[in-house]
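Open the model in your viewer and keep the selection panel at hand. The tour below says what to select at each stop and what is there.

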2 protein chains.
Amino acid sequence: MQTIKPRTMSGFLELLPREQKVFNEMKEKVESVLRLHGLACLDTPVLELSEVLLAKAGGETEKQIFRLVKGDTDMTMRFDLTVPLAKFVALNKNELSFPFRRYQIGKVYRGERPQKGRLREFYQCDADIIGDGELPIEADAEVIAILSGIYSALGVEADILVSNRKVLIGLLNELDLSEKQTDVLNLLDKYEKMGKEACFSEVEALAGEKTSEIFNVFEMKTLEELKSANIQNESFKEGIEELERVFELLKVMGVENAKLNLNIIRGLDYYTGTVFEGRLKEFPAISIGGGGRYENLTGYFSSSKMPGVGFGMGLTRLFVLLKELGKLNFSKDNYSKLAIIPIGDTENFCFTLASKLRAEGIACEVLYSKSFKARMNMANKTGVPNIIVVGEDEVNSGIFGVKNMATGETVKVTADKIKDIL
Amino acid sequence: MQTIKPRTMSGFLELLPREQKVFNEMKEKVESVLRLHGLACLDTPVLELSEVLLAKAGGETEKQIFRLVKGDTDMTMRFDLTVPLAKFVALNKNELSFPFRRYQIGKVYRGERPQKGRLREFYQCDADIIGDGELPIEADAEVIAILSGIYSALGVEADILVSNRKVLIGLLNELDLSEKQTDVLNLLDKYEKMGKEACFSEVEALAGEKTSEIFNVFEMKTLEELKSANIQNESFKEGIEELERVFELLKVMGVENAKLNLNIIRGLDYYTGTVFEGRLKEFPAISIGGGGRYENLTGYFSSSKMPGVGFGMGLTRLFVLLKELGKLNFSKDNYSKLAIIPIGDTENFCFTLASKLRAEGIACEVLYSKSFKARMNMANKTGVPNIIVVGEDEVNSGIFGVKNMATGETVKVTADKIKDIL
């Protein structure tokens with residue numbers, strides 16, 4: 001028979017079992033933090049009507065999507081989890097309690113040109129809190145605390161840099177630069193990448209002699225400095241007040257890795273208040289999740305005003321990054337703690353033993369390849385941490401030698417004690 | 001602004017938070033059983049090259065898919081998890097240990113015409129064991145035991161009806177009906193739906209006077225009866241031997257709900273040996289998962305022979321079914337065990353308390369809607385099982401009243417004892 005070459009498309013990560021296991025554990029740790037904070041879980045469809053998903057999309061997004069038409073239905077694979085959330089909230093507003101706190105972890109699709117390192121399918125994790133009409137500032141602190149909790153749970157050392165867009169917007173208003181606000185903010189957003197000198201001179205081309213004043217505030221590192229700048233603009237003062245309350249709340253929540261940093265602007269004009277971004281301590285240029293406060297989630301779907309605050313985090317990207325940095329330990333193909341290896345005519349006994357151990361919550365497997373050698377090879381290759389070889393002696397005596405595959409040490413116990421030594 | 005009507009396509013199930021929570025719990029129970037059995041987890045892409053996914057597809061499948069072309073790449077959304085498994089095994093054979101035992105739970109897509117009750121996106125759960133060249137019969141018993149374990153974990157009362165296709169194939173060979181084998185099996189496959197009389201007469205049109213002999217064996221209920229039928233055909237005898245060993249293994253594994261039933265044929269000529277199907281005890285006509293043994297998983301992708309045995313189970317379908325039968329309890333929007341409700345100026349204290357409780361593993365949330373009334377409404381609406389109202393008295397005394405929302409009972413404890421009474 002003519003066979004077809006098996007292959008997986010580039011940009012679509014397909015992990016081997018022992019990698020997948022580590023990825024799953026990572027995802028479960030993230031999820032456990034979100035659940036500890038009492039967020040509801042959503043699982044919206046991967047495929048939606050194009051009209052709905054592209055409600056607010058510009059030309060760039062349209063190029064980067066997977067879109068298909070079947071019959072007279074024009075559909076698109078979701079490219080983020082925010083538009084589906086907006087749709088969901090607009091659709092189900094009467095069924096929800098507000099502030100509505102939800103997370104979603106799911107695959108999203110970007111139809112980018114295949115190239116090394118670009119993911120076209122990846123897990124996105126979003127957490128958002130949505131208000132009906134208004135949303136207290138507590139929500140801003142809460143989502144930052146959740147992101148911080150996720151980093152802790154993953155053992156990732158990261159800082160969360162926090163700013164509030166009202167501060168710079170207020171500053172630019174104060175300096176009578178409100179018409180150039182977007183252009184200046186876009187340049188300041190690139191401050192870290194461009195370096196100070198280049199950034200300064202490009203801003204100068206727009207703001208002239210006011211540039212020094214902009215950079216004076218932009219580079220301040222504490223709320224005290226910002227307050228002593230004595231700027232009377234309302235937006236500026238509101239931004240400072242919000243930052244003060246957010247940092248106060250983060251302190252009582254025990255969050256220690258959040259730091260004021262006005263360099264955080266986060267591109268999109270989508271955000272209107274608090275903005276924040278997680279950065280690896282070891283590689284501070286690398287962003288590993290971020291978000292902020294927005295005025296209105298559901299504007300494209302409803303006339304209600306629904307402000308929100310949230311973050312997004314690329315789980316697959318983070319996994320790839322941590323793998324490249326050598327921070328992950330791939331040693332086991334599956335969740336088994338124990339392989340039971342029959343030798344001689346003890347197979348039935350082994351299956352019964354395995355069932356009993358599973359009833360005690362122990363993940364285990366019986367190896368039944370034809371030869372004993374193949375069974376031992378299997379145990380070695382899959383990385384199972386413990387084995388028991390069961391022959392007639394073990395069946396008759398009821399004493400089993402549990403061998404730790406890492407240390408080589410064997411402990412002899414009765415069946416009911418196996419649980420205790422795993 | 002012109003708004004777009006928010007909507008979700010028919011056939012795409014989008015659950016409300018409290019439904020989603022129950023679905024998640026169901027999925028997690030299924031997954032825990034698969035992990036207890038030491039299966040590896042795969043997570044293949046949703047989108048694959050059409051050439052790969054449609055390697056073995058006929059015209060019917062092609063009509064029922066979501067396919068899209070972008071640039072010069074022709075892609076299809078997966079319609080099952082079997083073809084992706086075949087691709088994965090063929091692609092990664094050298095990295096895997098055999099027998100390769102894997103599960104995958106993921107969404108699959110069927111481009112069917114939208115109509116009530118038809119799902120176009122649903123969660124499929126597959127478990128398979130794949131051999132390299134050969135696969136011992138133990139694997140057949142193991143996958144049935146796993147399916148049985150899943151039903152137990154879900155609290156679903158179900159029987160697993162087990163047959164072996166070699167038995168009926170052997171019988172038809174013995175009766176010199178091998179040329180009409182496919183047609184006769186297709187009719188027998190519809191026995192339950194057609195009823196005996198109609199089925200008998202249609203088989204009679206093909207098999208004439210041999211029909212009584214076919215039905216005589218087809219309706220046998222025990223292995224003893226089958227053995228006493230004294231049929232010498234090798235396939236028939238092999239089928240009986242395999243069934244005997246499978247039932248022997250199921251017995252030592254403690255599986256009590258597996259039952260011999262030759263009516264189980266399972267359409268596809270894909271299966272070659274053991275076949276089985278789970279049926280709700282209360283509604284025995286409803287199939288809730290099934291599978292069997294196949295000769296070769298990877299035939300379309302490789303020249304190696306890789307026999308396998310496994311089952312598939314539609315998790316979304318099962319959820320919908322259990323919901324319709326009123327077997328599910330939807331009471332909570334999220335995973336919180338406790339809502340902490342500040343009254344007066346105690347909010348900071350509440351956030352600190354919440355952080356401490358989360359560190360002890362207690363899922364909880366602080367309610368911070370503007371009014372106290374709104375906070376109480378929120379607690380009632382989300383179905384959180386316990387609340388604490390924290391005012392100055394509680395802060396000063398360090399004694400908190402934990403109110404159980406179901407019983408209305410309040411227990412007063414110090415902060416470090418809250419955990420014990422939740």
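Start with A:Asp176, in the loop between helix 6 and helix 7 (181-189) of chain A. Helices here are DSSP runs of H or I with at least four residues, strands are E runs of at least two, and both are numbered from the N terminus. Check the backbone of A:Asp176: phi is near 60 degrees, a positive value in a residue other than glycine.

A word on conventions. This is a predicted model, in which local features need pLDDT of at least 70, side-chain atom pairs count only at pLDDT 80 or more, and totals for chains, interfaces and linings use all residues. Residues are numbered from 1 along each chain as its sequence is written, while chains are lettered from A and ligands numbered from 1 in the order in which they are written.

**Helices 6 and 12, chain A**

Select residues 165-174 and 234-252 of chain A. These are helix 6 and helix 12, packed at an angle of about 160 degrees with axes 7 Å apart. Axes are lines fitted to C-alpha atoms, for helices over the stretch in contact, and angles run from 0 to 180 degrees between N-to-C directions. Helix 6 of chain A is therefore roughly antiparallel to helix 12 of chain A. The cut-offs are under 35 degrees for roughly parallel, over 145 for roughly antiparallel, 65 to 115 for roughly perpendicular, and oblique for the rest.

Now show side chains. On helix 6 of chain A, the residues that meet helix 12 include A:Val167, A:Ile169 and A:Leu171. Among their partners on helix 12 of chain A are A:Phe236 and A:Ile240. Two residues are in contact if their C-beta atoms, placed from the backbone, lie within 7 Å. By class, this contact has 5 nonpolar, 4 polar and 4 charged residues. Nonpolar covers Ala, Val, Leu, Ile, Met, Phe, Trp, Tyr, Cys and Pro; charged covers Asp, Glu, Lys and Arg; the others, Gly among them, are polar.

**The cis prolines**

Go to A:Pro99, in the loop between helix 4 (82-92) and strand 5 (100-109) of chain A. The peptide bond from A:Phe98 to A:Pro99 is cis, with omega near 0 degrees. Then select B:Pro99, in the loop between helix 4 (82-92) and strand 5 (100-109) of chain B. The bond from B:Phe98 to B:Pro99 is also cis, with omega near 0 degrees.

**Helices 9 and 10, chain B**

Stay in chain B and select 196-207 and 211-218. The axes of helix 9 and helix 10 of chain B come within 9 Å and cross at roughly 130 degrees. That is why helix 9 and helix 10 of chain B count as oblique to each other. B:Phe200, B:Val203, B:Glu204 and B:Ala207 in helix 9 meet B:Thr211, B:Ile214 and B:Phe215 in helix 10. The classes are 5 nonpolar, 1 polar and 1 charged.

**The two chains together**

Zoom out. Here 77 residues of chain B are in contact with 78 residues of chain A. Helix 1 (residues 17-36) of chain B gives the most to chain B's side, with 6 residues. That side divides into 37 nonpolar, 21 polar and 19 charged residues.
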